[in-house]
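Please read it alongside the sequence and the coordinates.

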Amino acid sequence: MSNIKFPENFLWGGATAANQFEGGYREGGKGLSTSDVMTGGTHTTARRITPELEEGTYYPSHEAIDFYHRYKEDIALFAEMGFKMYRFSIAWTRIFPNGDEETPNEEGLKFYEELIDECRKYNIEPLITISHYEVPFNLTKKWNAWADRRMIDCYLNFCKAIFTRYKGKVKYWLTFNEINSATTAMGAFLSQGILNEIKTMNFMEQVDNPQNRFQGLHHQFVASALAVKMAHEIDPNYQVGCMQIMATSYGLTCDPQDQIVNQERNHLMNWFCSDVQCRGAYPNYIKRYFKENTINIVMEDGDEDILKEGPVDFYTCSYYMSNCQTADKSKEAGLGNILGGVPNPYLKASDWGWQIDPIGLRYSLNEIWDRYQKPIFVVENGLGAYDKIDEDGKVRDDYRIDYLRSHIEQMHEAVLDGVDLRGYTPWGCIDLVSASTGEMAKRYGFIFVERYDDGTGDFSRRRKESFYWYQKVIKTNGEDLK
Ligand code: BGP
């Protein structure tokens, strides 16, 4: 045993997203979402976005890991691990298939109601992401999705339907997954449904239009603030949070030029969106960035008041890796580290080039707490790795245990530092489709799913070694991490 003591009632759990694991993409009246038109890919071959579905092409979201039909079995496995919280998202297209209908689809509402009831049966607290990396594809074709202000009303209609229906059964909501991903070109389609030319294209080489992305973010900020207000009006017990990618970044050297480049990077990537969502106003530094990049945010009268009146109740983030920034343009960007930057000579990387940095988590949690003084949850963290089933049927994923253990230790350090950390829901608690590469081969789960990238596999579930380890961690409230 160790000296580790997490706060009482610390919410241990796991996280997933609808488009990466539900499957059933045309069932229960579901409409087509942006993720449904993304093909599979690999670490070295990018996914493609195909506005028309191609015959014979593999689209991983269509069946994913078939949670839609197996949710009872999966929730029972989460309960067996002792989950106290389960983070999942609601597919917008199950509730509003085209995104702009007036009335919600009852079958979709019912599916999530049953899922919530199933969690409650085991005393698992749901943490629901309202919009996680998908938008009704109809709204992309019609308006270029979040680039258009009319999205706000559609989103609020969606919020109203779920806030009303699940009142009394849910407490925690997140408005947008990794909202700050749209500060990079990659986030445009993934997070905002923005496709500047409706044609087949490589996911990593989209036609970028920063004006659309940042205008889209403004619409999302307004939508998020109005959703917070609406949630509190519908049920005063509702707590609504933001969700950011925490892409911890350091200056590569102590050269002040590297430090300034790093500060600029932190402002844009790590603080801009959460500053707006937590403090209720645009920070000054972004105005300079907008000016220098000819971005002109169109606001309506009253938008600033809306932002001021709708700050989130708590802060959440994903945390996987860190990177370094340098003013030296000749340094190569880290291969595979999709968040950019240059490699840190002190850190090792995963097979996908994501540099592993547990101390960076403690560092960032302190920074977040110092800045906002709002409760914090780490709602994604984990190691994407190649797993194999041994001859005796076991999956010995000690590398994953090492990764998670070192991050939990650092979260504990942050708690000792005085950070108000409330919960931890590691990513992909059951193997699912990778968002960036579309692969099944990049596995994060405590539960192995027999599904492979060639579309084979019978979807059967199997407990990995990490399953039993995490069960023990939860049981001892983090005290036994061995
Ligand atoms: C985050 C997303 C998740 C998830 C995770 C891991 O960015 O919120 O949806 O997929 O990263 O990334 P990947 O699946 O690319 O390994």
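Helix α3 (residues 67–81) packs against helix α5 (residues 106–121) at an angle of about 10°, and their axes lie 10 Å apart. α3 is therefore roughly parallel to α5, a term for angles under 35 degrees. Helices are DSSP runs (H or I, at least four residues) numbered from the N terminus; axes are lines fitted to C-alpha atoms over the stretch in contact, with angles from 0 to 180 degrees between N-to-C directions.

**Helix contact**
- α3 contributes Phe67, Tyr68, Tyr71, Lys72 and Ile75, and α5 contributes Phe111, Glu114, Leu115, Glu118 and Cys119; contact means heavy atoms within 4.5 Å.
- Seven of these residues are nonpolar, none is polar and three are charged, with Tyr and Cys counted as nonpolar and Glu and Lys as charged.

**Ligand site**
- The ligand is surrounded by 14 residues, the closest being Glu178, Ala435, Ser436, Lys442 and Tyr444 (a heavy atom within 4 Å).
- Polar side-chain atoms of Glu178 and Lys442 lie 2.5 Å and 2.7 Å, respectively, from an oxygen atom of the ligand.
- For Ser434, a side-chain N or O atom is 3.2 Å from a ligand oxygen atom; polar contacts are pairs of N or O atoms within 3.5 Å.
- The protein buries 94% of the 370 Å² that the ligand exposes when taken alone (Shrake-Rupley method, 1.4 Å probe).

**Basis**
- Residues are numbered from 1 along each chain as its sequence is written, and side-chain values use heavy atoms, without hydrogens or water.
- In this predicted model, local features need pLDDT of at least 70 and side-chain atom pairs 80 or more, while totals for chains, interfaces and linings use all residues.

Technical notes. Helix = DSSP H or I, 4+ residues; strand = E, 2+ residues; numbered from the N terminus. Parallel < 35°, antiparallel > 145°, perpendicular 65-115°, else oblique. Polar contact = N/O pair within 3.5 Å; in protein donor to acceptor, adjacent residues only side chain to side chain.
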